[in-house]
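The entries follow in the order in which I made them.

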Amino acid sequence: MKKLIAILLAAVLVCSALPSAFGVCSFGNTTEQYARSKSPFHVGDDFTGYRQSVIEVLNSYWVPFEAKNCYFSDVRAEAMGIYKAELARIYTLTDVDELVQPGIFGMALNDETAAVCESLDLLSDLNLTKIRNEAGYEVLRAKLLADIGESIEENFSRADYNDYYWDKLQCDYEQAVEEINAAGTYLELVNAQYNWETVFEESDFDAEEIVEFALYEDVPYYSNDSLEAVAEVLLDKLYEQLDKYAAEGYDVETEAIEALLEQFETAAAQAPYVEKIAKAYDTAEAAIAAQLGIQPESRKALTVSVRKKALARLNALYLTYNEADYSESAWYDISDIYDEAWGTIQDAVYADEVDDVFFEQVAKDFAAVKTLVQQLKADKDAAIAALKKYVGNKKYNQTKVKALYAEGVKKIKAATTSAQLEKLCKQYVAAMNKAILTYKISVSKSGKGAVSKSATVKCGANYTVKIVPTAGYKISKIVVDGKKVKLTNAYTFKNVTKAHTIKVTFSK
């Protein structure tokens, strides 16, 4: 779906040429214009930037119609009406969430704009190589009906299909004709074309692949030969299973087992549609296991349909989160959780691996990633806590600290971005550190020798006084805060919390 393509990637999109029976038009100079429209889009952080990005995406789908001479006037007028209406609607929007939505690869187009782009994409295929005159609309309708009828005639023969699939083919054809005839605009007509033109084409058939992946819906009409091929593949699978049982020591060469195989062949031959053949296979497989006394697997195997539903459920959960609500790193976390869950679903073997408990945990993991609002609150709490550490700490001037704390908390609470918070926190922590108490270490001496200078020391710091007597002299006395201490060449005041004095005496 185009609506799931990220806006930043949408710049490289082109209006894809849908499978068509109507040919291709060369746009002359418009091709160059269209190529220029694929240059990287401007994406801003604000509403205006997002709106410009969405308009650029929309414009890229309008570019083909700028070549007026390539389109019948009614087709171009219809496309212009759709384009201008959406452009006008975009300019009435006032919220980013109305413009874009979270997508698997980033921000994606809003559903309404995506639908308009898809419509312009379809209409762009109706150039003058398909519509050549004033009756172009009816000519197109008639050609589409003729092409579908011709496709059925070429690809389907009554003798090749049973009643079930032939009736299904006829019902689908009648519905297609009704939809095409009911189309009142070019867009409705090309939508009908898109919905039906591939349905009636001959499909490549691979019985092994269909059985392996249970992709029954990929082949809308099974021929009798196709049904037989599926039945043969499933019968081979039953024999393969019997070979495994035999290797494990079970006696599989019994009349009862043979009878169960014959019952499957009969049921498969009588089955009107492929799903019933698959059901007959499941019945036969279970019956054979029961006949051999093999207990069925207690864990239910994960089917293709359950896997698809699980992936769709994961996408639905992921799309409830908006990239704009998170920081870049936080959105990477969201994306990592999504990728991991996606891988788990793809690799799962049993249904209980992707049950409600699994999705509850995924939802918890998503919810645990902080949004910008939640992160801002956490950052504010952390910044306030960093400042509060200084309050009551006797190392700091509490008169200054309390004043700074009150002022800082007020500004922190008013901050609106993490950048502001970081700046405020650094500013007030630095101011708090400057409010640390200091104490004077007074150093004096008598006699001949050298001592360290007096100094002012921060509360809690250490200060070492070096003592070096002159040649021929010695240290005879050291008095610290009025008390004699042991003679030494260096005295250290540790964890200073008050003023100190030291007096050194040198003598011969």
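**Notebook entries**

I started with Glu232, which sits in helix 11 (residues 224–247); helices here are DSSP runs of H or I with at least four residues, strands are runs of E with at least two, and both are numbered from the N terminus. I note that this is a predicted model, in which local features need pLDDT of at least 70 and side-chain atom pairs count only at pLDDT 80 or more, while totals for chains, interfaces and linings use all residues. Residues are numbered from 1 along each chain as its sequence is written, and side-chain values use heavy atoms, with hydrogens and water left out.

I looked up the exposure of Glu232 and found a relative accessible area of 51%, so this residue is exposed. The classes are buried under 20%, exposed over 50% and partly exposed in between, with a 1.4 Å probe and protein chains only.

I then checked for charge around this residue. Glu232 belongs to a surface patch of negative charge, together with Asp160, Asp225, Glu228, Asp236, Glu240 and Asp243. Patch members have over 30% relative accessible area and no salt bridge, and like charges are joined within 9 Å. A salt bridge would be a side-chain nitrogen of Lys or Arg within 4 Å of a carboxyl oxygen of Asp or Glu. Asp and Glu count as negative, and the charge is placed at CG of Asp or CD of Glu.

I turned to another glutamate. Glu86 is in helix 4 (residues 73–92). Is Glu86 buried or exposed? Its relative accessible area is 5%, so Glu86 is buried. Apart from neighbours within four places in sequence, I found Glu86 in contact (heavy atoms within 4.5 Å) with Leu58, Glu112, Thr113 and Val116.

Next I went through backbone angles. Most residues other than glycine have a negative phi. Asp481 is not a glycine, yet has a positive phi of about 50°. I place Asp481 in the loop between strand 7 (474–480) and strand 8 (483–484), and at 36% relative accessible area it is partly exposed. Asn495, also not a glycine, has a positive phi of about 45°. Asn495 lies in the loop from strand 9 (490–493) to strand 10 (500–507) and is partly exposed at 44%.

Last, I took the totals. I recorded 19 helices and ten strands in the protein chain, with 40% of its 508 residues buried. The chain exposes about 28700 Å², 52% of it from carbon and sulfur atoms, by the Shrake-Rupley method.

Notes. Patches are made of residues with over 30% relative accessible area and no salt bridge: like charges are joined within 9 Å, nonpolar side chains (Val, Leu, Ile, Met, Phe, Trp, Tyr) within 5 Å. Accessible areas come from the Shrake-Rupley method with a 1.4 Å probe; for residues, only the protein chains shown count as cover.
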